[in-house]
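This briefing is meant to be read beside the sequence and the coordinates. It begins with one residue and then moves through the topics in turn.

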Amino acid sequence: LDYGIIGAGSPLVDVKFEDPVTGWDPKNYNPNQELGIIPARQAVASSQNLSVGRLYISILDRRPATYLEKMGFSKLQPEDYENQSTVLGGLAIGASVEENTNAYATFANNGQFIDAYMIERIEDLDGNIIYEHTVEPEKVFAPETAYMMTDMLRDVMKQGGTATLAKSQLKFSSDFAAKSGTTEEHKDVWLVGYNPNISVGVWMGYEKQRTLYAFNNRYQHPSNRVNRLWANYLNA
């Protein structure tokens, strides 16, 4: 969007492929699924790996991972700027929940990155300000890019999106944009959602990675669980 390569309705090709140079052959969440030609908006809403993978290869020479650097991802490695799997979140080391939530808040802030902080202000007994945090916004995306991305991410919480369950569990009405994520074998599940007032990100997983999925699990599928967890935080 920021490079002007696509718009929200641009057609993307959701068909299996193998990169002839690297051998990279990503799959959709359903490994047998191919949706053909779909709009970019749909690719985001239902997390289609094939279509965004193809798109990423076409812009890889521009080193788009530089955007992650601007948004405070602190453990980027040289290969993250070159690997095609970066588009699916496949970083060499990965990101913390704080970093991921910070990054999505950039869209809520009209394309400006504002690093997270703990203390807003300290006052003494007489109300004199001892300390006040100074925000230093850094422009990452054009405001138009942030607006379009937010509009596309709204669809993640609508019918057919991957966070419709989270939206249905909210006990109040609000307009959220969101993005979910699941790693191989359901070892990690993510959900980050935001509006102009608040950004909330949650992750579920184990310190020593193992699958969160179990047959006949009374706590439901990992994707459902992270949807409910996110909604529970927002309701609280």
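In which helix does Y56 lie? Y56 lies in helix α2, which covers residues 49-59, where helices (H or I, at least four residues) and strands (E, at least two) are DSSP runs numbered from the N terminus. The model is predicted, so that local features need pLDDT of at least 70 and side-chain atom pairs count only at pLDDT 80 or more, while totals for chains, interfaces and linings use all residues. Residues are numbered from 1 along each chain as its sequence is written, and side-chain values use heavy atoms, with hydrogens and water left out.

**Overall form of the chain**

- The protein chain has a secondary structure of 7 helices and 9 strands.
- With a radius of gyration of 19 Å, close to the 18 Å that the globule rule gives for 236 residues, the protein chain is as compact as a globular protein of that length; the radius is taken over C-alpha atoms, and the rule is 2.2 Å times the number of residues to the power 0.38.
- The C-alpha trace of the protein chain spans about 70 × 45 × 35 Å along its principal axes.
- Of the 236 residues of the protein chain, 38% count as buried, a class that means under 20% relative accessible area, against over 50% for exposed and partly exposed in between (1.4 Å probe, protein chains only).
- Among contacts in the protein chain with a separation of 6 or more, 56% are between residues 24 or more positions apart, a contact being heavy atoms within 4.5 Å.
- The protein chain exposes about 13,700 Å², of which carbon and sulfur atoms supply 50%; the areas come from the Shrake-Rupley method with a 1.4 Å probe, and for residues only the protein chains shown count as cover.

**The second largest pocket**

- The second largest pocket holds about 200 Å³ of space, the volume being the space filled by probe spheres set on grid points that are joined across faces, edges and corners.
- On a 1 Å grid over the protein atoms alone, a pocket is an open set of points where a 1.4 Å probe fits, with protein on both sides within 12 Å along at least five of seven lines, and lining residues have an atom within 4 Å of a point.
- The lining of the second largest pocket consists of 14 residues, and F107, T150, R154, Y194 and P196 lie nearest its centre.
- Both α4 (97-108) and α5 (143-154) supply at least two residues each to this lining, and α5 gives the most, with 5 residues.
- By class, the lining comprises 9 nonpolar, 3 polar and 2 charged residues, where Ala, Val, Leu, Ile, Met, Phe, Trp, Tyr, Cys and Pro count as nonpolar, Asp, Glu, Lys and Arg as charged, and the others, Gly among them, as polar.

**Positive phi in loops**

- Most residues other than glycine have a negative phi.
- N110, although not a glycine, has a positive phi of about 60 degrees; N110 lies in the loop between α4 and β3 (112-113) and counts as exposed because its relative accessibility is 52%.
- E185 is likewise a residue other than glycine with a positive phi, near 60 degrees; E185 sits in the loop between β7 (177-182) and β8 (188-194) and, with a relative accessible area of 55%, is exposed.

**Individual positions and their surroundings**

- Y56 is buried, with a relative accessible area of 8%, and, not counting residues up to four places away in sequence, touches P64, A65, N83, Q84, T86 and V87.
- S10, in the segment before β1 (11-14), is buried because its relative accessible area is 19%; leaving aside residues up to four places away in sequence, S10 touches I38, P39 and A40.
- S10 and I37 are 27 residues apart in sequence and 9.7 Å apart in space, C-alpha to C-alpha.
- S223 belongs to helix α7 (residues 222-235) and touches T182 and V189, not counting residues up to four places away in sequence.
- From S223 to G181 the separation is 42 residues in sequence and 8.4 Å in space, C-alpha to C-alpha.
- A214 lies in the loop between β9 (199-205) and α7 and, at 36% relative accessibility, counts as partly exposed.
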